[in-house]
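Here's a protein model to explore together. Have a look at the fold, then let's walk through some of its side chains.

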Amino acid sequence: WKNRDLVASMEFAITGVLTAFKEERNMRKHLVSAILACLAGLVFQISAMEWLFLLLAIFLVISFEIINSAIENVVDLASGYHFSMLAKNAKDMAAGAVLVISGYAVLTGLIIFIPKIWKLILG
């Protein structure tokens with residue numbers, strides 16, 4: 001029974017991730033950014049430590065975006081699509097969390113790649 005519960009849980013989780021990528025425009029943008037960042041990592045042959053930070057940034061942004069989308073769906077369901085200041089605040093704060101973690105991701109990318117680009121330019 002436990003294995004079946006684990007498999008069912010995994011199926012639900014995978015469905016959730018796939019739904020987020022299918023239905024959320026921002027998720028597709030994050031995916032494109034993640035692919036470009038990984039390609040840059042390969043081109044610049046970043047270190048194992050740099051890969052860890054780059055992948056952490058990528059997975060955090062995607063995770064926060066999934067959580068943000070889930071919160072938006074629950075708030076819309078609970079509010080019945082009627083305007084509520086509490087609903088607006090919840091959705092704004094969830095979006096703000098994505099913005100904050102995206103800022104971390106941008107800083108991570110700059111710290112990793114700017115010196116490598118600079119070195120490439122200056123030789």
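Which side chain does E50 meet in a salt bridge? Its partner is K116, with 3.2 Å from N to O. Keep in mind that we're looking at a predicted model here. The E50–K116 pair links distant parts of the chain, since E50 sits in helix α3 and K116 in helix α4, 66 residues apart. As for K116, a relative accessibility of 21% makes it count as partly exposed.

**Salt bridges**

How many salt bridges does a search of the whole structure find? The search turns up 3, and here they are side by side.

| Salt bridge | N to O distance | Where the residues lie |
|---|---|---|
| E50 and K116 | 3.2 Å | helix α3 and helix α4 |
| K91 and D76 | 2.7 Å | helix α4 and helix α3 |
| K88 and D92 | 2.4 Å | helix α4 for both |

Take K91 and D76, whose closest N and O atoms are 2.7 Å apart. K91 belongs to helix α4 and D76 to helix α3, so this pair ties together parts that are 15 residues apart in sequence. Is D76 buried or exposed? D76 is buried, because its relative accessible area of 18% falls under the 20% cut-off. K91, on the other hand, has 25% and is partly exposed.

Now for K88 and D92, which stay inside helix α4. They are 4 residues apart, which means that about one helical turn separates them.

Let's go inside. In soluble globular proteins, nonpolar side chains tend to be buried together. In this model, the largest nonpolar core has 11 residues, among them A20, M27, I46, L54 and F113. Which elements give two or more residues to this core? They are α1 (2–23), α2, α3 and α4.

A search of the whole structure finds 1 aromatic pair, made by F44 and F113. The pair is tilted, with 6.0 Å centre to centre and 50° between the planes. F44 lies in the loop between α2 and α3 while F113 is in helix α4, so the pair ties together parts that are 69 residues apart in sequence. F113 is buried, with a relative accessible area of 10%, whereas F44 is partly exposed at 25%.

**A buried histidine and an exposed glutamine**

H30 lies in helix α2 and is buried, with a relative accessible area of 18%. What is H30 in contact with, once its neighbours within four places in sequence are left aside? The contacts are V61, I62, E65, V98 and S102. One of these, I62, also belongs to the largest nonpolar core.

Q45 is found in the loop between α2 (25–43) and α3 (48–79). Q45 counts as exposed because its relative accessibility is 69%, and the cut-off for that is over 50%. Check its backbone too: phi of Q45 is near 50°, a positive value in a residue other than glycine.

**A nonpolar patch on the surface**

Some nonpolar residues form a patch on the surface, including V106, L110, I117, W118 and L122. The whole patch has about 950 Å² of accessible area together. One of its members, I117, has its place in helix α4 (residues 85–122). I117 counts as partly exposed, with a relative accessibility of 35%.

Technical notes. Residues are numbered from 1 along each chain as its sequence is written. This is a predicted model: local features need pLDDT of at least 70, side-chain atom pairs count only at pLDDT 80 or more; totals for chains, interfaces and linings use all residues. Side-chain values use heavy atoms; hydrogens and water are left out. Buried means under 20% relative accessible area, exposed over 50%, partly exposed in between (1.4 Å probe, protein chains only). Patches are made of residues with over 30% relative accessible area and no salt bridge: like charges are joined within 9 Å, nonpolar side chains (Val, Leu, Ile, Met, Phe, Trp, Tyr) within 5 Å. Accessible areas come from the Shrake-Rupley method with a 1.4 Å probe; for residues, only the protein chains shown count as cover. A salt bridge is a side-chain nitrogen of Lys or Arg within 4 Å of a carboxyl oxygen of Asp or Glu. A nonpolar core is a set of buried Ala, Val, Leu, Ile, Met, Phe, Trp, Tyr and Cys residues joined through side-chain atoms within 4.5 Å. Contact means heavy atoms within 4.5 Å. Rings of Phe, Tyr and Trp (its six-membered ring) pair if their centres lie within 6.5 Å; planes under 30 degrees apart count as stacked, over 60 as edge-to-face and the rest as tilted.
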